[in-house]
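Subject: Structure handover

Hello,

The structure is placed below, followed by notes on what was found in it. Please read the notes with the coordinates open.

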Amino acid sequence: EVQLQASGGGLVQPGGSLKLSCTASESNVDDYGIGWFRQAPGEARVGVSCISASGTTTYYLNTVKGRFTISRNYTKNMGYLQMNSLEPADTDVYYCATKVRPTGSGLSPRDYDYWGQGTQVTVSS
């Protein structure tokens, strides 16, 4: 089965950047979409961005559009989320996930089959 691990989080000042990585192991994820989600304590998990299996289709949460970029590397069996111009509102635990079947926007957590542990992103001065 697919094993996922999100990494790259940390503390960054407003306006700064972080690049999150999603490392997949045990199984190849070339045929799966990859999604990034974030969740604050006491709140629902929210889809941030996703990329199709082919890598040709992407979706973004409106509040991160233009600041975040999702990508993937098939050779490395990894996904990425480049986060620029970070804001305090971006502070959350970020999760990566994969889904077997294509869905609408791709940003619904319930559509995803495999999940990694989260990585904390804190944006503060």
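The largest pocket has a volume of about 180 Å³. A pocket here is an open set of points on a 1 Å grid over the protein atoms alone, where a 1.4 Å probe fits, with protein on both sides within 12 Å along at least five of seven lines. Grid points are joined across faces, edges and corners, and the volume is the space filled by probe spheres set on them. The lining comprises 19 residues, and Gly33, Ser52, Ala53, Lys99 and Pro102 lie nearest the centre; a lining residue has an atom within 4 Å of a point. β4 and β5 are the elements that give two or more residues to this lining. By type, the lining divides into nine nonpolar, seven polar and three charged residues (nonpolar: Ala, Val, Leu, Ile, Met, Phe, Trp, Tyr, Cys and Pro; charged: Asp, Glu, Lys and Arg; polar: the others, Gly among them).

This is a predicted model: local features need pLDDT of at least 70, side-chain atom pairs count only at pLDDT 80 or more, and totals for chains, interfaces and linings use all residues. Residues are numbered from 1 along each chain as its sequence is written, and side-chain values use heavy atoms, with hydrogens and water left out.

Next, the strands (DSSP E runs of at least two residues, numbered from the N terminus). Two of them count as paired if DSSP finds at least two bridges between them. In β5 (residues 46-51), five of six residues are buried (under 20% relative accessible area, 1.4 Å probe, protein chains only). β5 pairs with β4 (residues 33-39) in the antiparallel sense over five bridges, with Val46 of β5 opposite Arg38. The hairpin of β4 and β5 has six residues between the strands, and Gly42 there takes a positive phi near 75 degrees.

β5 is also joined to β6 (residues 58-60), antiparallel, by three bridges; Ser49 has Tyr60 in β6 as its bridge partner. Six residues separate β5 and β6 in their hairpin, where Gly55 in the turn has a positive phi of about 85 degrees.

An open sheet is formed by four strands in the order β1-β3-β8-β7, with antiparallel pairing. Its edge strands, β1 (3-7) and β7 (68-73), each pair on one side only. The twist averages 15 degrees from one strand to the next, using axes fitted to C-alpha atoms and angles from 0 to 180 degrees between N-to-C directions. Five bridges link β1 to β3 (residues 18-25) in the antiparallel sense, and Ser7 stands opposite Ser21 in β3.

Regards

How values were computed:
Buried < 20%, exposed > 50% of the residue type's maximum accessible area, 1.4 Å probe, protein only.
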